[in-house]
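Colleague: I'm new to this one. Could you walk me through it feature by feature?

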Amino acid sequence: EVQLVESGGGLVQAGGSLRLSCAASGFTLGDYHIGWFRQAPGKEREPVGCIHMRDGSTHYANSVKGRFTFSSDNAKNTVSLQMNSLKTEDTAVYYCAATPRCRSTTYYIELYYDYWGQGTQVTVSS
């Protein structure tokens, strides 16, 4: 059974930090790469970026560049999303998803993602 499970969400004050994790099971990261999306209530899901699990390259949406950082631990089959300088507009459910493609021109295309996690809530208070 293929599963992606996010964890680490919670409540944080604006300007603070959170670290999210995405644990994969049923498949090996490396065959797939991990992207992150987020969805605020009443809004469409939007891309955050992706990390290439073989070469480590990353691609970030402009809204999070310089504040969010992806990292990978292939031995543990996990990826992390370090979020710093959080803003209230970062409040959303955050999803990790698996894709065979992680490029600057594809990270934002939901159709390219084959598996999705259940999401973890991030709430940034003012």
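Colleague: Let's start with the link of Cys50 and Cys102: is it right-handed or left-handed about the S-S bond?

Modeller: A disulfide is a pair of cysteine sulfur atoms within 2.5 Å. Here the link of Cys50 and Cys102 is right-handed, with 95° about the S-S bond. The sulfur atoms of Cys50 and Cys102 sit 2.0 Å apart. Before we go on, a word on the source: this is a predicted model, where local features need pLDDT of at least 70, side-chain atom pairs count only at pLDDT 80 or more, and totals for chains, interfaces and linings use all residues. Residues are numbered from 1 along each chain as its sequence is written, and side-chain values use heavy atoms, with hydrogens and water left out.

Colleague: Which parts does the pair of Cys50 and Cys102 tie together?

Modeller: Strands are DSSP runs of E, at least two residues, numbered from the N terminus. Cys50 lies in strand β5 and Cys102 in the loop between β9 and β10, so the pair ties together parts that are 52 residues apart in sequence.

Colleague: And are Cys50 and Cys102 buried or exposed?

Modeller: Buried means under 20% relative accessible area, exposed over 50%, and partly exposed in between, with a 1.4 Å probe and protein chains only. Cys50 is buried at 0%, and Cys102 is buried too, at 4%.

Colleague: How many disulfides does the structure hold?

Modeller: Two. The other bond is between Cys22 and Cys96, with sulfur atoms 2.1 Å apart. The torsion about that S-S bond is about 70°, so this disulfide is right-handed. Cys22 belongs to strand β3 and Cys96 to strand β9, so this pair ties together parts 74 residues apart in sequence. Both Cys22 and Cys96 are buried. Number the bonded cysteines in sequence order and you get the pairing 1-3, 2-4.

Colleague: On to charges: how many salt bridges are there?

Modeller: The general idea is that side chains of opposite charge can pair when their charged atoms come close. The rule for a salt bridge is a side-chain nitrogen of Lys or Arg within 4 Å of a carboxyl oxygen of Asp or Glu. That gives five of them. One is Arg67 with Asp90, at 2.7 Å from N to O. Arg67 lies in the loop between β6 and β7 (68–73), Asp90 in the loop between β8 (78–83) and β9, so they tie together parts 23 residues apart in sequence. Arg67 is buried at 10%, and Asp90 is buried at 0%.

Colleague: Which residues are linked with Arg67 and Asp90 in a network of salt bridges?

Modeller: Arg38 and Glu46 join Arg67 and Asp90 in that network.

Colleague: Where does Glu110 find its salt-bridge partner?

Modeller: At Arg45, 2.8 Å away from N to O. Glu110 is in the loop between β9 (92–99) and β10 (115–116) and Arg45 in the loop between β4 and β5, so this pair ties together parts 65 residues apart in sequence. Glu110 is partly exposed at 30%, as is Arg45 at 29%.

How values were computed:
Helices (H or I, at least four residues) and strands (E, at least two) are DSSP runs, numbered from the N terminus.
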